Amino acid sequence: MDQKGFRRGSFHSATSDEDMLEIAGASMDFSMADDDPPLDREMGGFSSYNGGGMNGTSAMMDFLEEPLPGVGTYEDFNTIDWVREKSRDRDRHREITNRSKESTWALLHSVSDAFSGWLLMLLIGLLAGSLAGLIDISAHWMTDLKEGVCLAGFWFNHEHCCWKSNTTFTDRDKCPEWKSWSQLILGHGEGAFAYILNYLMYVIWALMFSLLAVLLVKGFAPYACGSGIPEIKTILSGFIIRGYLGKWTLVIKTITLVLAVSSGLSLGKEGPLVHVACCCGNILCHLFTKYRKNEAKRREVLSAAAAAGVSVAFGAPIGGVLFSLEEVSYYFPLKTLWRSFFAALVAAFTLRSINPFGNSRLVLFYVEFHMPWHLLELVPFILLGIFGGLWGAFFIRSNIAWCRRRKTTRLGKYPVLEVIVVTAITAILAFPNEYTRMSTSELISELFNDCGILDSSKLCEYVNDFNSTKGDDLPDRAAGPGVYTAMWQLALALIMKVFITIFTFGMKVPSGLFIPSMAVGAIAGRLLGVAVEQLAFYHHDWAIFSGWCSPGADCITPGLYAMVGAAACLGGVTRMTVSLVVIMFELTGGLEYIVPLMAAAMTSKWVADAIGREGIYDAHIRLNGYPFLEAKEEFSHKTRAMDVMRPRKSDPPLTVITQDTMTVEDVETIVTSTTYSGYPVVVSRSSQRLVGFVLRRDLIISIENARKKQDGIVSTSIICFTDYSPPLPPSSPSVLKLRSILDLSPFTVTDETPMEIVVDIFRKLGLRQCLVTHNGKLLGIITKKDVLKHIAQMANQDPDSILFN
Amino acid sequence: ILFPQASRMFAPSSRNSVSPVLLLVLLGCVLCPPAQASKSSEDIRCKCICPPYRNISGHIYNKNVSQKDCNCLHVVEPMPVPGNDVEAYCLLCECKYEERSTTTIKVIIIIYLSVVGALLLYMAFLVLVDPLIRKPDPYTQPLHNEEDSEDTHSLAAVPTLAGARANTVLERVEGAQQRWKRQVQEQRKTVFDRHKMLS
């Protein structure tokens with residue numbers, strides 16, 4: 001058969017595995033930080049290296065002593081073998097430690113190897129923090145660009161433009177340097193025509209930004225769309241998606257995230273910041289051999305990078321580490337905990353020194369009040385929790401239904417048009433209401449804010465009684481007309497945000513979910529808070545209020561209700577528990593509000609779990625069919641390994657390779673006629689006693705390499721997986737020894753093993769496949785995909801929705 | 001040892017120990033200017049907001065003082081109330097120390113706009129100019145007619161093209177660009193056409 005054709009059909013992906021192999025001899029290597037499978041570039045010659053302890057007798061020139069480029073790497077959209085990666089790392093570490101006793105240079109090498117992890121964390125923190133600063137400052141500027149421009153320097157946003165000038169107390173936002181578009185074009189800012197012009201410019205800018213964003217995503221890095229967290233969860237559980245964490249994805253995601261946020265769409269930047277940080281982590285891994293070559297170690301680094309991403313998004317390093325532990329990571333060894341914290345701190349510190357918000361704060365909505373709350377207020381807090389849970393379940397159901405429609409029907413064929421239509425609708429609906437016109441972060445900041453004497457926003461327009469004011473401690477007051485206007489505007493904003501976010505999350509631009517859900521919760525919380533406050537003011541003689549809320553005291557803080565509402569809604573959607581509470585209390589800077597936050601978060605999680613089991617990220621994983629083995633759920637059915645293994649009773653018997661009787665041609669036939677990712681090796685077909693397991697990719701690479709480089713290997717050469725060479729007549733062609741690519745310790749279970757234990761083994765060890773034996777003989781194989789299909793079948797879901805291998 | 005070749009994995013490469021150092025130096029140079037931006041006098045201020053008091057309207061006072069002097073007594077210059085009322089008035093005022101770095105903002109916005117501009121230009125180049133200057137290659141046709149299956153791959157012509165003498169810089173750049181374009185096309189198919197990933 002044509003060799004080229006043989007090779008062509010064997011690799012899955014269009015990533016440049018093939019050309020890398022083709023020109024491995026030449027000096028062609030463009031970028032070190034490539035997404036392509038790591039190749040051992042020093043592989044020029046064939047010096048037989050005996051580190052493996054194999055017999056180095058040159059009677060059989062064992063060209064496969066040293067690893068060929070490509071052996072030990074994985075194809076795209078495949079699962080890694082955690083056991084193999086971890087054992088490789090241990091071997092490497094052992095070798096370095098043994099060698100370190102030999103010379104000073106080796107000792108230094110071992111020390112630098114130990115420190116490389118910390119250096120990598122430092123670099124990741126620096127890069128993630130800088131990128132977050134860039135995103136924050138640019139997004140802030142571009143959001144204000146929709147409304148006007150600064151004459152003192154076009155790079156200033158509204159707040160910085162008015163920094164120098166003397167503003168009056170009543171008109172704190174207006175200054176002569178900042179011109180809105182109607183002022184610039186028409187010369188004045190009042191009147192109906194000016195309003196229409198402002199409206200038009202707002203919509204035009206929003207459309208331009210989102211159009212540019214989706215074109216850049218489609219043209220340069222299609223993997224940069226969406227939130228990124230479901231895919232990162234899958235990658236961290238052992239899946240390979242080449243290019244998902246690459247350079248172009250990083251650049252495009254950073255740029256288009258700013259554009260998407262500035263266009264006024266109902267999305268946030270926290271989820272995409274996690275993706276950006278993981279891209280930084282992946283790219284910086286290529287600088288260190290230890291992490292570049294080992295997929296398992298690399299995932300430890302990615303866990304830490306995810307923590308750094310959340311840390312810069314919220315200014316919450318501890319919350320970031322807990323988020324990485326709870327939501328994103330699959331295996332989280334203790335060593336990673338400390339390193340993640342270091343990376344998160346470095347990132348937060350870098351962001352702080354860039355100072356994007358001008359007041360040494362990391363997040364726009366940092367809260368500074370410390371008013372006490374009363375136990376009776378737990379009732380409205382639990383109500384907010386219930387609201388959060390209900391909204392979370394509703395949002396997940398509708399968003400998944402909409403995304404499924406996008407995947408299956410014609411709606412998915414027009415991504416650019418979809419983005420434009422959604423942006424147009426959002427912009428047209430958002431401009432008239434001042435609470436939707438401002439960016440969502442500013443809205444949350446205003447809602448979290450406790451009204452003091454100095455606040456002049458509509459929300460704080462209470463009826464003031466100046467005779468009784470002492471200092472800054474304002475009592476509960478009657479609501480003025482401004483507050484009533486603000487209330488119904490906020491109610492409209494709530495309805496709009498609830499519905500438009502369903503259609504926005506999952507579009508082909510980077511979109512995050514945290515900020516919109518916090519906005520929904522904050523609006524609901526503030527509405528409830530103001531209602532309770534007015535109730536307490538007008539009915540202070542009721543039994544429930546008279547004890548603690550006397551007239552003239554400041555008992556209800558609507559800002560706190562907004563915070564609790566935000567936490568409840570975020571918890572209802574993502575089902576975060578500890579990390580949510582820690583992030584929220586790091587935002588407030590105090591431990592006073594832990595109890596209300598926990599009450600709301602727990603209530604919302606319980607209510608949402610009662611309606612639907614999965615959080616939004618798990619639901620998206622299931623929608624896309626990623627091979628993610630859920631680590632939190634129990635498998636409670638009484639099936640056994642023989643019910644799940646392949647081949648089933650009606651299938652042809654298991655495809656095996658014998659250890660020393662098959663020729664190169666036989667093996668090639670097997671490899672091309674089947675699509676399995678690996679083959680068990682047995683002693684002989686009659687005995688079916690297991691020797692080991694060999695991967696398809698390694699087989700293909702080794703055979704092709706042997707055909708090209710080794711003398712005397714022809715189609716009738718025997719392939720042997722044994723230590724010794726089989727006795728052959730002297731006229732037969734030379735033997736191809738492939739013992740080095742054979743995994744001599746594959747995991748096996750007996751056919752009577754309960755599936756509970758098998759699922760547990762797959763989860764705990766991160767296996768890809770497991771062999772099934774009966775009475776000591778090889779019977780079948782269970783792969784991870786079989787396990788996932790079985791779980792789906794047991795849960796009455798569609799087992800064919802598991803798409804990937 | 002399970003995999004004898006695993007012990008070769010740590011091959012000491014001096015090249016890799018140089019690159020992290022280089023990157024660190026580069027990062028330091030990039031981050032230094034914003035961090036050490038000389039604080040011009042325009043970039044710090046103390047802002048005191050004083051609400052309406054009796055018959056005096058509210059006012060905002062800005063003054064360029066250091067952080068320890070940032071309080072009502074130093075900043076509220078023409079004190080609107082007589083001496084014995086100063087304390088009551090100052091209790092109502094809220095003073096905040098703020099600083100910013102105009103250089104950082106300017107640098108970051110200019111960097112961002114130039115990257116967006118460069119990407120736009122490159123996109124225009126790829127869409128408009130590239131098809132004209134490039135000879136119609138035989139392998140672009142099979143790529144367009146590719147079936148929706150992962151296993152079949154008509155990359156037959158690619159190895160011949162890329163495997164040719166890729167020695168000159170221009171040819172190497174072209175080779176890399178072709179590889180990248182194929183990658184993006186594959187990604188686009190996965191995400192936009194087959195909807196296999198990212199809903």
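**Figure 1. P551(A) is an exposed loop residue.** P551(A) has a relative accessible area of 61%, so the residue counts as exposed (buried means under 20% relative accessible area, exposed over 50%, partly exposed in between, with a 1.4 Å probe and protein chains only). The loop that holds P551(A) runs between helix 21 (543-546) and helix 22 (558-574) of chain A. Helices (H or I, at least four residues) and strands (E, at least two) are DSSP runs, numbered from the N terminus. G70(A) lies 481 residues away from P551(A) along the chain, and 77 Å separate their C-alpha atoms.

All views show a predicted model, in which local features need pLDDT of at least 70, side-chain atom pairs count only at pLDDT 80 or more, and totals for chains, interfaces and linings use all residues. Residues are numbered from 1 along each chain as its sequence is written, chains are lettered from A and ligands numbered from 1 in the order in which they are written, and side-chain values use heavy atoms, with hydrogens and water left out.

**Figure 2. Y330(A) and Y331(A) form an edge-to-face pair.** The ring centres of Y330(A) and Y331(A) are 4.9 Å apart, with 90 degrees between the planes. Rings of Phe, Tyr and Trp (its six-membered ring) pair if their centres lie within 6.5 Å; planes under 30 degrees apart count as stacked, over 60 as edge-to-face and the rest as tilted. Y330(A) is buried, at 16% relative accessibility. Y331(A) is buried too, at 19%. Over all chains, the structure holds 33 aromatic pairs.

**Figure 3. An aromatic cluster contains residues of chains A and B.** Chain A supplies F220(A) and W248(A). Chain B supplies Y122(B), F125(B) and W180(B). Ring pairs link these residues. For the complex, the predictor gives an ipTM of 0.84 and a pTM of 0.84.

**Figure 4. Charged side chains sit over the rings of F431(A) and F192(B).** R437(A) lies over the face of F431(A), 4.3 Å from the ring centre. K508(A) places its charged end over the ring of F192(B), 6.0 Å from the centre. A charge sits over a ring if NZ of Lys or CZ of Arg is within 6 Å of the ring centre and within 35 degrees of the ring normal.

**Figure 5. Chain A is divided into three domains.** Domain 1 covers 121-163 + 175-354, domain 2 covers 379-463 + 474-617, and domain 3 covers 641-795. These bounds come from an automatic or database domain assignment. The centres of domain 2 and domain 3 of chain A, taken over C-alpha atoms, are 55 Å apart. Chain A has 30 helices and eleven strands. Of its 805 residues, 62% are buried.

Figure 6. The mean pLDDT (the predictor's confidence in each residue, from 0 to 100) of chain B is 70, and 62% of the residues score at least 70. Residues 33-39 of chain B have a pLDDT below 50, with five contacts beyond near neighbours in sequence (contact means heavy atoms within 4.5 Å). Residues 140-163 of chain B are also below 50, and this stretch has 34 contacts beyond near neighbours in sequence. Chain B contains seven helices and three strands.
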